[in-house]
2 protein chains.
Amino acid sequence: MLGTMQEWPLLAHKILDHAAAQHPNRPVVSRSVEGPIHRTTYGAMHLRARKVAQGLEAHGIKLGDRIGTLAWNTWRHMEVWYGLLGLGAIYHTVNPRLFPDQVAWIINDAEDRLLFIDLTFVPLIEGIMDKLPTVEQVIVLTDAEHMPKDTKLRGAVAYEDWIAARDGNFTWHEFPENTAAGMCYTSGTTGNPKGVVYSHRSNVLHAFQAAMPDMLNLSARDTVMPVVPLFHANGWSLAFSAPMTGAALVMPGAKLDGASIHELLETEKVTITAAVPTVWLMLLQHLEKTFGRISTLKRVIIGGAACPRAVTQAFQETYGVEVAHAWGMTEMSPLGTICSPKPETAGLTGDARLDLQQKQGFPPFGVEMKIVDDEDKTLPCDGKIFGRLKVRGPAVAAAYFKGEGASNFDADGWFDTGDVATIDGYGYMQITDRAKDVIKSGGEWISSIDLENLAIGHPDVAEAAVIGIVHPKWDERPLLIVVAKPGRDPSREDILNFMAGKIAKWWMPDDVVFVEGIPHTATGKIQKTTLRDQFKHYRFET
Amino acid sequence: MLGTMQEWPLLAHKILDHAAAQHPNRPVVSRSVEGPIHRTTYGAMHLRARKVAQGLEAHGIKLGDRIGTLAWNTWRHMEVWYGLLGLGAIYHTVNPRLFPDQVAWIINDAEDRLLFIDLTFVPLIEGIMDKLPTVEQVIVLTDAEHMPKDTKLRGAVAYEDWIAARDGNFTWHEFPENTAAGMCYTSGTTGNPKGVVYSHRSNVLHAFQAAMPDMLNLSARDTVMPVVPLFHANGWSLAFSAPMTGAALVMPGAKLDGASIHELLETEKVTITAAVPTVWLMLLQHLEKTFGRISTLKRVIIGGAACPRAVTQAFQETYGVEVAHAWGMTEMSPLGTICSPKPETAGLTGDARLDLQQKQGFPPFGVEMKIVDDEDKTLPCDGKIFGRLKVRGPAVAAAYFKGEGASNFDADGWFDTGDVATIDGYGYMQITDRAKDVIKSGGEWISSIDLENLAIGHPDVAEAAVIGIVHPKWDERPLLIVVAKPGRDPSREDILNFMAGKIAKWWMPDDVVFVEGIPHTATGKIQKTTLRDQFKHYRFET
């Protein structure tokens with residue numbers, strides 16, 4: 001027997017319909033790539049998004065076609081998203097910070113038919129234009145006045161000209177809710193990038209999850225600034241969760257430095273914002289230098305990498321802004337957990353509160369989570385034992401585009417995050433390592449990240465990396481690789497003595513080697529594959 | 001092209017799985033029907049709900065079977081809901097306040113195979129037991145000690161005995177998310193009750209909507225007391241939205257008087273509660289009489305009937321509790337709108353704030369809303385023009401059980417609420433009348449409720465009702481029917497003079513008649529059909 005409720009497919013563009021109907025005059029403020037501040041509303045964006053859909057349809061774009069965007073967070077980028085969604089085409093956000101060859105690879109893998117790009121990325125795309133056979137036309141997100149002259153971009157046209165002829169009298173198409181809506185590639189440290197394909201349903205359900213009081217907590221009275229770019233892990237859902245709740249939006253465009261971010265926080269009375277730790281380090285440095293203050297901001301969401309304790313402390317104790325540590329993955333739409341207080345932890349203060357906030361938090365309804373050992377046996381949640389973190393839910397990937405990376409998905413529906421984590425008795429999860437970086441010593445696991453964080457506390461250490469080295473007795477033992485600070489020359493014993501007593505004895509690195517530099521990926525992560533390759537013949541003295 | 005996200009059906013019992021995994025020790029406190037306060041947790045309820053499922057399965061209950069409950073809000077009632085959900089059977093909440101014949105009619109229409117009933121309702125069911133051929137067994141929600149002796153209930157067994165033999169080692173069944181989950185009959189003023197059949201999907205989506213910051217705003221740090229019974233319009237979703245967010249629950253059992261409610265609010269540190277206005281009138285009278293205070297309650301949700309301005313004012317100004325006026329329908333799962341502040345209204349104070357709060361508010365994402373005229377043409381949202389209110393969404397009914405009342409559903413998917421409403425420029429909806437009660441005068445509509453509320457302001461008037469009387473020139477004109485206060489004897493002119501100047505001239509009743517009493521339905525509504533019948537030969541003098 002079925003329920004007798006309405007068939008009302010969860011289509012992501014209905015979110016903008018709702019915002020335009022219920023919150024038509026709510027502001028969407030952007031720092032334009034051209035420079036000036038631009039102001040619009042959900043009502044006006046709704047009209048322009050339908051003009052985008054008309055333009056796409058006139059071009060012959062159809063259900064299921066992929067369209068690339070290389071763009072900052074602005075009103076135009078969001079209009080393009082919703083125009084695509086309403087037609088059943090797929091927004092494919094390309095990370096413009098990748099190497100040009102990777103950008104080309106990704107656009108070709110997705111077979112993007114059009115590109116919408118910001119002025120910033122004209123040189124990048126001009127440089128690879130010849131390698132992009134599927135791209136029929138490049139639309140530059142600007143007006144005629146700012147269009148580059150004599151560009152090599154195929155069929156280059158200014159976005160404002162491109163939509164000028166349309167009247168917006170367009171009815172969204174209807175299709176099943178599991179239709180593809182968006183696409184974002186993960187840039188792993190090995191192999192080719194893998195495409196995650198969001199559905200309309202997953203985006204809508206995820207926006208519900210994200211807006212909840214213990215997650216982002218978004219209301220029509222909030223003003224949200226997504227500093228995290230829309231091309232980073234589905235923009236942390238903010239292009240959906242903000243209009244879903246009627247929260248106003250402030251879009252920072254291309255300028256993510258401390259001064260620019262601070263200016264927008266203050267002039268636009270932002271109440272909640274979200275980005276990776278490096279952005280907040282820049283903001284805090286700017287505030288310190290200028291004796292700046294924060295007036296209206298209530299909450300800052302920090303994710304994408306573990307948030308340094310000092311950042312949390314500065315926001316809360318110096319500026320009176322609450323920090324919510326978050327964790328997610330491109331494969332999870334992306335939010336997995338947020339570190340909100342529960343009744344058992346709401347009363348914590350000082351160091352105890354900061355200790356808790358180092359954890360990544362707990363999931364909303366619709367994200368199932370477990371930690372398992374090497375035999376896939378579920379481990380207890382005691383906050384100490386760590387295991388591979390697996391997740392399940394309606395906004396979690398079941399596969400990658402074209403069936404890549406199938407080994408990350410279990411037969412019973414769990415996605416292996418590749419992270420190693422603990423979960424404590426209150427349900428708070430904390431990432432302790434990447435699974436491929438953990439050191440397996442005598443059947444037990446040692447967290448490389450914990451060792452690195454500890455080593456970096458030594459005053460002479462600039463950067464540290466830990467990898468596992470094959471060991472005849474213990475399978476693997478940790479090797480600590482150190483870059484000394486300029487002008488400093490610590491010894492092996494200096495470092496080991498500093499670490500001793502702060503960790504279990506069997507966690508202590510078997511050796512320390514000093515190097516000039518440590519290799520990084522395009523997104524700033526330590527390239528451990530290269531390190532492992534570099535040290536593949538290294539053996540501990542026995 | 002489809003998204004590559006996981007198939008994770010929205011099944012309502014996963015909500016209790018989530019609460020048990022993430023919030024296992026969160027309290028569920030009930031005033032038991034036997035008397036004492038009972039304490040359990042989501043973790044313990046999860047185990048007992050699985051015992052219920054085992055018991056049901058042992059009885060032979062299968063996917064799609066309907067099971068009736070006549071029960072107050074307690075932990076046992078919720079366990080039964082979740083046990084049924086996890087098996088794919090259907091919780092059918094029967095309103096025990098209906099007349100016995102109606103109760104029998106509803107149970108027979110649903111073909112309930114089992115009944116779970118509180119001790120309170122043993123006499124009621126004993127009285128109609130012979131008329132309930134589909135009911136195979138009656139399980140009384142109590143323990144052996146409290147079981148009635150020599151009962152006529154078919155196969156009577158105490159719930160605690162019934163589940164005692166089970167171990168809870170039970171895996172929920174899996175089925176598609178549009179499977180029927182629950183059932184609730186609407187008691188119209190005409191015709192037989194009509195069954196609304198919720199699906200698992202609609203219950204889950206509705207819980208997301210309900211939990212959002214601008215709706216009920218539920219967090220794991222909240223303690224929610226649903227005073228509204230689970231048998232009233234799907235329990236306003238609280239049996240789903242509270243465990244979904246990890247909010248603690250306080251269940252008031254059978255005692256809904258002011259003193260009992262006040263006691264629980266204080267001893268259990270309730271932060272949010274919800275019920276119809278009459279409950280709050282009783283509480284406010286109790287507080288006034290006892291000089292009581294409210295310590296922890298932050299928000300009270302008031303719906304089911306228009307909330308008197310004086311109630312809102314007393315909560316906010318005397319007791320410092322924020323009021324959220326809500327509107328919904330059994331057919332809407334049930335929440336449609338809540339009157340939360342938007343940026344444009346958040347600064348209102350005093351009378352302007354109370355004026356706003358008389359409105360029923362705005363909908364969450366997933367509730368579409370429009371007002372239309374007699375030709376189904378959409379009317380403007382100016383806060384003055386009123387029209388028939390129509391709604392659409394994934395938690396709105398598309399039909400009634402067995403195809404009853406099909407005329408309430410449009411071909412294009414809109415449900416006609418039967419209400420007449422205005423929507424203002426900020427999106428706030430206000431109910432002005434029931435469509436069948438509105439007086440149609442010369443092509444324009446007059447709100448019977450507005451006239452009744454005005455008449456009731458006269459110091460000599462105890463109760464007032466307005467109905468339309470056939471008129472040769474204007475089609476219909478309003479007749480005001482008045483019950484005078486004991487010992488008072490107002491004249492027709494007294495009342496009309498009191499009303500004059502406070503409404504448009506053409507809204508003035510053409511006549512006033514005085515009666516001894518006005519007929520009411522079992523749920524306390526004025527029975528206008530009876531009044532119309534009573535006055536069907538009445539004609540205005542011309």
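Six salt bridges are counted between chain B and chain A. A salt bridge here is a side-chain nitrogen of Lys or Arg within 4 Å of a carboxyl oxygen of Asp or Glu. Over all chains, the structure holds 64 salt bridges. This is a predicted model: local features need pLDDT of at least 70, side-chain atom pairs count only at pLDDT 80 or more, and totals for chains, interfaces and linings use all residues. Residues are numbered from 1 along each chain as its sequence is written, chains are lettered from A and ligands numbered from 1 in the order in which they are written, and side-chain values use heavy atoms, with hydrogens and water left out.

| Residue in chain A | Residue in chain B | N to O distance |
|---|---|---|
| E177(A) | R201(B) | 2.7 Å |
| R221(A) | D214(B) | 3.0 Å |

The pair of R221(A) and D214(B) crosses between chains. R221(A) lies in the loop between α7 (200–211) and β10 (223–226) of chain A, and D214(B) lies in the loop between α7 and β10 (223–226) of chain B. Helices (H or I, at least four residues) and strands (E, at least two) are DSSP runs, numbered from the N terminus. Side chains of opposite charge can pair when their charged atoms come close.

**The interface**

The contact takes 71 residues from chain B and 72 residues from chain A. Contact means heavy atoms within 4.5 Å. About 5,600 Å² is buried between chain B and chain A, and carbon and sulfur atoms give 63% of that area. Buried area is the accessible area (1.4 Å probe) that two parts lose on being put together, summed over both.

Polar contacts join 38 residue pairs across the interface of chain B and chain A, with both residues at pLDDT 80 or more. Such a contact is a pair of N or O atoms within 3.5 Å; within protein, one must be able to donate a hydrogen and the other to accept it, and residues adjacent in sequence count only if both atoms are side-chain atoms. On the side of chain B that touches chain A, α1 (14–22), β9 (194–199), α7 (200–211), α8 (238–245) and β17 of chain B each supply at least two residues. Of these, α7(B) gives the most, with seven residues. The residues of this side divide into 38 nonpolar, 21 polar and twelve charged. Ala, Val, Leu, Ile, Met, Phe, Trp, Tyr, Cys and Pro count as nonpolar, Asp, Glu, Lys and Arg as charged, and the others, Gly among them, as polar.

**Sheets**

Chain B has an open sheet of four strands in the order β16-β17-β18-β19, with antiparallel pairing. Strands β16 (368–372) and β19 (429–434) of chain B stand at the edges with a single partner each, so one side of each has no neighbour in the sheet. The twist averages 50° from one strand to the next. Axes are lines fitted to C-alpha atoms, for helices over the stretch in contact, and angles run from 0 to 180 degrees between N-to-C directions. Five bridges pair β16(B) with β17 (residues 387–392) of chain B in the antiparallel sense. Two strands pair if DSSP finds at least two bridges between them. V372(B) stands opposite R388(B) in β17(B).

In chain A, seven strands form an open sheet with mixed pairing, in the order β7-β6-β5-β3-β4-β8-β9. Here β7 (157–158) and β9 (194–199) of chain A are the edge strands, each with a single partner strand. Strands β5 (residues 114–117) and β6 (residues 137–140) of chain A run parallel, joined by four bridges. L114(A) stands opposite Q137(A) in β6(A). Helix α7(A) packs on the sheet, touching β4 (90–93), β8 (180–186) and β9 of chain A, and its direction makes about 75° with that of β9(A).
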